[in-house]
Amino acid sequence: MIYLFHIGTLMIIFTGFVQFFLKNNKHFYSAFSAFACILTIIPAINVFIKEEYISHSININPYGELIFNLDYLSSFFVIIICSIGFFGIFYSKQSLEGLKENNYHTELHKLLISIMLSSMLWVVSINNTLGFLFSWEVMSLSSFFLIIYQHNSKQVIKSALQYLVIMHISFVLIISGFMLTYIFNSHSFNILNTISFHNNDLMKNIVIALLILGFSIKAGFVPFHIWMPRTYPYAPAHISGIMSAIMAKIGIYGILRTLYTFGHPSLYIVYLLTGISLLSILTGITHAILQTDIKKIISYSSIENIGIIGLGISLNLLARYYNNTSVAFLCLTGSVFHILNHSIYKSLLFFCSGNVCSYFNSNDIEKMGALSKKLPYTSFLFIIASIGICALPPFNGFISEFLIYLGLFKSFSFLNLNLSLVSLISIIVLAFTGVASIFAFTRLISVVFLGNSRSESKKESNEYFPFNIIFLAIPIFLIGLFPKPVFEKISLISGMFFINYIHNSEYISLMQSISRTFFFFIIISLALFFIRKKFTNKTIYSETWSCGYKFINKKNEKIPLTSRFQYTGHSHSKSFFTLIFPFVRKNETKQIIDELHPTNANTINEKYYHREYIDYLDCLYTNIIKYLNQKILKLNISPSGHIQNYLLYGVIFLVIVLAVTIIFSGVLQ
Amino acid sequence: MILFTSLALVLIMPLLITGFINKIKAFWAGKQGASVFQGYYDFIRLTKKSQVISNTTGPIFKLAPTIYLATLLTSTLMLPLISGYSILNFKLNFVVFCYLLGLGRFFMLLGALDTGSGFEGMGANREITFSLIAEPALFILFSSLTMLNQNIISISELFSIVGSSVEYSSILRTLIIIILFIIALTETCRVPVDDPKTHLELTMIHEVMILDYSGIDLGFIHFASGLKIFIFNTLMIGFILSPELSPGLYTVYFILLQALFVTITSTLESCMARFRMTHIPQFIFMSVALSITLFAFIIIKRSI
């Protein structure tokens, strides 16, 4: 079975290389890569069906053994990567056709997609430090080159370079964590399975802190989230979809694997993780309501959902500290379920927004409107995905939030003040964010898809039925209606983290009751729909009522409602801003209108009025870098421009590091 | 038998409640007012009318009232209407209840914003801002009662926790009813949060979201607004009546208490004006503050 996995991953890369030579064949790449994804997913599904692990080790002589281990956690991530990759490859075919320009390297891009998918599969399955780090680095580099596809624009290059720097900061932290375990524990490279720190609690906590910090930069927790809204708007849509759906979850995989390997961290780290998660949720949803770039809104909402996943994980740790196994189990199951749900609807959202942005050739929502008439399929899928992301019944987003709520409410039964207070704060934040995400997504949908169009698009809309992404909408519906089998399999994953795992049937009956409620809801709504159909005999189409508005111009023509009457994105943000104004920064430029009859106010003229909302943390990083730049400029070190000098600096650095290691290695032993 | 009575109550009472509100408001205004059954006559009249639909709207506009009413009906099935018996009774169905109401709100907002008119946008914006503040209050209330019970509960068990055997039960119940009353005023768009009879731009919140509906859609929405008042009154009544009464007596007391709460709301509506728009969030935040007080009270009570 494991050979299927190897064949699948190698076939993905092989397809990527071969399609270089088959430039005229459009279907080769997608067909073969999709087939390879199916091959790879079979062993992972088999792990869940037969409920036993798969393991395989390859002997690479000087470095030891390369172990591929598919336990429940790894195979869960393999399933997610392969399924989202499957749809991403099909969508990328459509998206790349729209983005073609002369100097864009499409074949290289497809090769890099293959490399990225394979490296992600290796990251989650390799159980050996060197292999893990190697695949991690390949993943980061290939994603950098993927983001920079539209390299004609300077903004794209700038944001991709920022992404590269931030990813390597996280890489340094992860490497230092692994190196500390190597020094203090064992001198072999197979450390991801069995670790004990011989009662050296301080070192264990430092290692766990470093690793969690490194992985949370990748996942996108606040205050390390700034790369997400700077990268996803400028990457092509299929890459944003695949990255936000899978790559951010690889960071979560790292956190879960750390906790599985190293055991429980100290209480300070748990509280820190809880605080970071709560802050992520609030920051993410606040800025999702305030932005005007469609992809920035979706990436901030990504940050919010990652915060919910982190909240489940940290509450699981807190509950285990106080020996409440049921609370811990429920919160962890809810988190892992949320990983699955979020991948599905986030990728769907990004793919639909890719369609929208290519139709309008810009990301700004203030120029869009009435797209439900021109792109009906895209709007339908977008609305389904946003119902999912707001965790509304009867779709799957509700189930994972319900499980986290279950864990939170169950924690009140244990007489523990700390746990009760943390649960209360989490419940307040989750309830707030439930309504706030409804706000964010109704705002987004209404400004982009509904109402009147705010600007003319020059393209024709010949939208065909989205065969490539409609199958992403089906799990949203099915998992919501039939949560019981998915819950049973995911509880196997969280069962991995508990030593004496007892399968509790109380939660399964709860899942069945929820399913029964959803069926009631669907039956009632269908019944009402038929009643409505029976009683509507004649429908007259006319203009919007708008309290009898009738503007008659000088030629005695009746002018209907223009698009300037409806609420814009900024109108919604403004009222929300009055609620949260100390926490977000507003930049506003106004021009004073002093004419008697201002005529230029008819157009959306940014000279007259411009307002944007900025994250304070984003400002902080930019200000720190500006400050450092100023200080460094005063030192008058100007780059010489010769590449030989830079190589010399690199060689000197390596020599110093090796010397320090050799001299002090005797001290550390 | 209980099942049939509950279903009959759900189907008959909402429009009766609307008629009753109008009758009491007419009493305070010195008028005779329309008959109590006017809601039924209006609904039947609306089913016979044809619909006028705006050109700007799409399929969401037509779907919205159906789904709104469906969510409210499903939520009603989760409430214990007579003697603590509810059809969809499982632990933590309170969360499903709140999120179903959220689904209804989502579709009404989309339907309102679909028309492309500024009035609906205004109403949608204000409504979701008020719900933002009111929603955590319900959850804090539920978590304090869960803490009192020391185990997770369903809505039917929610009412029996603060029964008369618990000490300080009357204080707790009064506090809970006040919190629920403020939330009910927000959700059902009554004065002092929203004026349902308004035609002025300044005061439009819920009423303006349904400006463009006609025909049976409007009938569904009238029924749904009455049903929402019914739902929140049920939540409050559950804390007053004990579920050990016989079903017949419980039904009689239930209807009487519904009439009482409806009288209180419509009296408030006739005798005071809606608050200034900037004062409304402060008013709703009062319910959050009260529920946090309740939570603190229960923590102290349990740790003693």
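Let's start inside chain A, where Phe28(A) and Phe32(A) sit in helix H2 (residues 28–50), four residues apart, or about one turn of the helix. Helices here are DSSP runs of H or I with at least four residues, strands are runs of E with at least two, and both are numbered from the N terminus. Keep in mind that this is a predicted model, in which local features need pLDDT of at least 70 and side-chain atom pairs count only at pLDDT 80 or more, while totals for chains, interfaces and linings use all residues. Residues are numbered from 1 along each chain as its sequence is written, chains are lettered from A in the order in which they are written, and side-chain values use heavy atoms, with hydrogens and water left out.

Back to those two rings. Aromatic rings of Phe, Tyr and Trp (its six-membered ring) pair if their centres lie within 6.5 Å; planes under 30 degrees apart are stacked, over 60 edge-to-face, and the rest tilted. That gives 50 aromatic pairs over all chains. The centres of Phe28(A) and Phe32(A) are 4.8 Å apart with planes at 35°, so this pair is tilted.

Now for the place where the chains meet. Counting heavy atoms within 4.5 Å as contact, 74 residues of chain A touch 74 residues of chain B. Together the two chains bury about 6700 Å², 75% of it on carbon and sulfur atoms; buried area is the accessible area (1.4 Å probe) lost on putting two parts together, summed over both.

What about charges? A salt bridge needs a side-chain nitrogen of Lys or Arg within 4 Å of a carboxyl oxygen of Asp or Glu. Between chain A and chain B there is one salt bridge, and it joins Asp217(B) to Arg532(A), at 2.9 Å from N to O. H16(A) gives the most, with 17 residues.

For strands to pair, DSSP must find at least two bridges between them. Within this pairing, Tyr541(A) stands opposite Ile53(B).

Finally, the whole structure holds 14 salt bridges over all chains. One of them lies within chain B, where Arg105(B) and Glu127(B) have their closest N and O atoms 3.9 Å apart. This pair links helix H4 (residues 93–113) to helix H5 (residues 118–149) of chain B, across 22 residues.
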